[in-house]
Amino acid sequence: MTIPRRLDSRSTRYLIALALAGVGLLIRRVAGLREVSLEDVFDAVWIGFAVTLLFLMTWHLVLPIRGATLALVLAGGAVGFMVNARAFTKQVPGTGALPLAGGALVVLWVALQGLSNFRSWDGGLYHLQAVEWAKAYRVVPGLANLH
């Protein structure tokens, strides 16, 4: 499956990351975790990713994944942020949801920068050495009780 060109932009990736964070926050709320800190947004992205992936795999058994599916995931993320808006505003007294949403955007931006491509000229050299080492000295599958 190829990603359509209109969905392959940096801003779209940020929007999807926000949707995943919203889904993760919604799952945390359903699980009974009412308090939300800004650090929980980092965890929420991965929780949302796992739940969204499970949802998409199940959805794909019945229907093809199209734009309506993306809209459903985005709507779930928006609901997650709306449900947790009050918990975010409790974190910093005297501020509204808009500055805290901006802070969450900054946190997500930093997280996505860590997942981006190499920017330094020698980053690939370190990566290639690690890949060659992993190819040369493979881990033997099993219970790890080798002698």
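This text walks through the structure, from the whole chain down to single residues.

The model is predicted, so local features need pLDDT of at least 70, side-chain atom pairs count only at pLDDT 80 or more, and totals for chains, interfaces and linings use all residues. Residues are numbered from 1 along each chain as its sequence is written, and side-chain values use heavy atoms, with hydrogens and water left out.

Start with the whole chain. The protein chain has six helices and zero strands. Helices (H or I, at least four residues) and strands (E, at least two) are DSSP runs, numbered from the N terminus. Read from that end, the order of elements is α-α-α-α-α-α.

The protein chain exposes about 11,000 Å². Carbon and sulfur atoms supply 68% of that area. Accessible areas come from the Shrake-Rupley method with a 1.4 Å probe, and for residues only the protein chains shown count as cover. Of the 147 residues, 22% count as buried. Buried means under 20% relative accessible area, exposed means over 50%, and partly exposed lies in between (1.4 Å probe, protein chains only).

Contacts come next. A contact means heavy atoms within 4.5 Å. Take the contacts between residues at least 6 apart in sequence: 68% of them join residues at least 24 apart.

Helix α3 covers residues 67-83, which makes 17 residues. From its first C-alpha to its last, α3 reaches 24 Å, close to the 24 Å expected at 1.5 Å a residue. The expected span is 1.5 Å times one less than the number of residues. The buried residues of α3 are T69, V73, G76, G77 and G80. These residues lie on the same side of α3, because they cover an arc of only 95° around the axis. The arc is that of the directions from the helix axis to the C-beta atoms. The face turned away from this buried side carries the exposed residues G67, A68 and M82.

Helix α1 spans residues 10-30 and includes G22. G22 has 0% relative accessibility and counts as buried. Leaving aside residues up to four places away in sequence, G22 touches G76, G77, G80 and F81. The C-alpha atoms of G22 and G80 are separated by 4.4 Å, although the two residues are 58 apart along the chain.

R29 is also found in helix α1.

One more residue of α3 is A78. At 38% relative accessibility, A78 counts as partly exposed. A78 and L18 are 60 residues apart in sequence, yet 8.4 Å apart in space, C-alpha to C-alpha.

Turn to the aromatic rings. The structure holds three aromatic pairs. Rings of Phe, Tyr and Trp (its six-membered ring) pair if their centres lie within 6.5 Å; planes under 30 degrees apart count as stacked, over 60 as edge-to-face and the rest as tilted. One of the pairs is W46 with F49, and this pair is edge-to-face: 6.2 Å centre to centre, with 80° between the planes. W46 and F49 are separated by about one helical turn, because they sit three residues apart in helix α2 (residues 38-62). F49 is partly exposed, with a relative accessible area of 39%.

Another pair joins F55 and W59, and this pair is tilted: 5.5 Å centre to centre, with 50° between the planes. F55 and W59 both lie in helix α2, four residues apart, about one turn of the helix. F55 is partly exposed at 30% relative accessible area. W59 is partly exposed too, at 24%.

Last come the charged side chains. Side chains of opposite charge can pair when their charged atoms come close. A salt bridge is a side-chain nitrogen of Lys or Arg within 4 Å of a carboxyl oxygen of Asp or Glu. By this rule the count is one. K135 and E132 form a salt bridge through their side chains (3.6 Å, N to O). K135 and E132 are three residues apart in helix α6 (residues 123-136), so about one helical turn separates them. K135 is partly exposed, with a relative accessible area of 47%. E132 is partly exposed, with a relative accessible area of 47%.
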